[in-house]
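Visitor: I am new to this structure, and I would like to know what the words used for it rest on. Could we look at it together?

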Amino acid sequence: MLKSLISAAALTVLGATAASAHSTLEVTDAHVGSSYKAVIRVPHGCEGKPTIAVRVQVPEGMIAAKPMPKTGWTLEKIKGPYEKSYDYFGTPMKEGVKEIVWKGGSLADDEYDEFVFRAFLTDSLPVGKTIYVPVVQECPEGAAERWIEIPKEGQSSDELEFPAPGIKLLEKQSAH
């Protein structure tokens with residue numbers, strides 16, 4: 001009887017760990033009108049398969065994105081027009097990196113890694129709200145983990161199976 005209870009408890013813990021182990025951001029709040037270093041943490045692969053590509057969608061209002069290269073991975077920056085022109089330290093910006101792809105590497109299912117980019121959070125973003133940075137992990141044989149779900153108004157990310165990492169937007173800091 002005791003052995004059965006211990007086994008059931010162990011399975012419950014493992015299930016909870018698997019459900020909560022998803023791609024996340026290291027820092028989950030940031031000031032608008034400032035630079036932000038996005039560190040995307042990838043804790044596992046796709047049901048036992050290694051991660052061979054990580055795709056990150058840069059949300060509207062997050063401009064001038066610059067990814068950090070990783071040894072053993074090829075970097076791709078997909079550029080496109082922004083929905084509107086943004087002021088970036090006095091320079092109007094109408095286009096930039098919309099998606100970042102690290103590919104060609106291999107991150108084993110039982111290993112952890114971080115993928116980094118830097119961007120500017122425009123002061124037109126809504127203070128007090130959260131913007132989301134959808135992430136897709138690609139694995140061999142077409143397998144993927146899609147961290148792309150965005151909560152609806154009044155819903156929590158905790159209620160979603162595959163939540164996109166989010167950044168809570170804080171007020172712009174005053175100039176020094």
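Guide: Helices (H or I, at least four residues) and strands (E, at least two) are DSSP runs, numbered from the N terminus. In those terms, S34 lies in strand β3, which covers residues 34–42. This is a predicted model, in which local features need pLDDT of at least 70 and side-chain atom pairs count only at pLDDT 80 or more, while totals for chains, interfaces and linings use all residues. Residues are numbered from 1 along each chain as its sequence is written, and side-chain values use heavy atoms, with hydrogens and water left out.

Visitor: Why is S34 called buried?

Guide: Buried means under 20% relative accessible area, exposed over 50%, and partly exposed in between (1.4 Å probe, protein chains only). S34 has 18% relative accessibility and therefore counts as buried.

Visitor: Which residues is S34 in contact with, leaving aside its neighbours within four places in sequence?

Guide: Contact means heavy atoms within 4.5 Å, and on that basis S34 is in contact with A119, F120 and L121.

Visitor: And why is E111 called partly exposed?

Guide: E111 counts as partly exposed because its relative accessibility is 42%. E111 lies in the loop between β7 (91–107) and β8 (113–121) and, its neighbours within four places in sequence left aside, is in contact with V42, P43 and H44.

Visitor: What is the mean pLDDT of the protein?

Guide: With pLDDT being the predictor's confidence in each residue, from 0 to 100, the mean is 89, and 87% of the residues reach 70 or more. Over residues 1–20, however, pLDDT stays under 50, and the model has zero contacts beyond four places in sequence for them.
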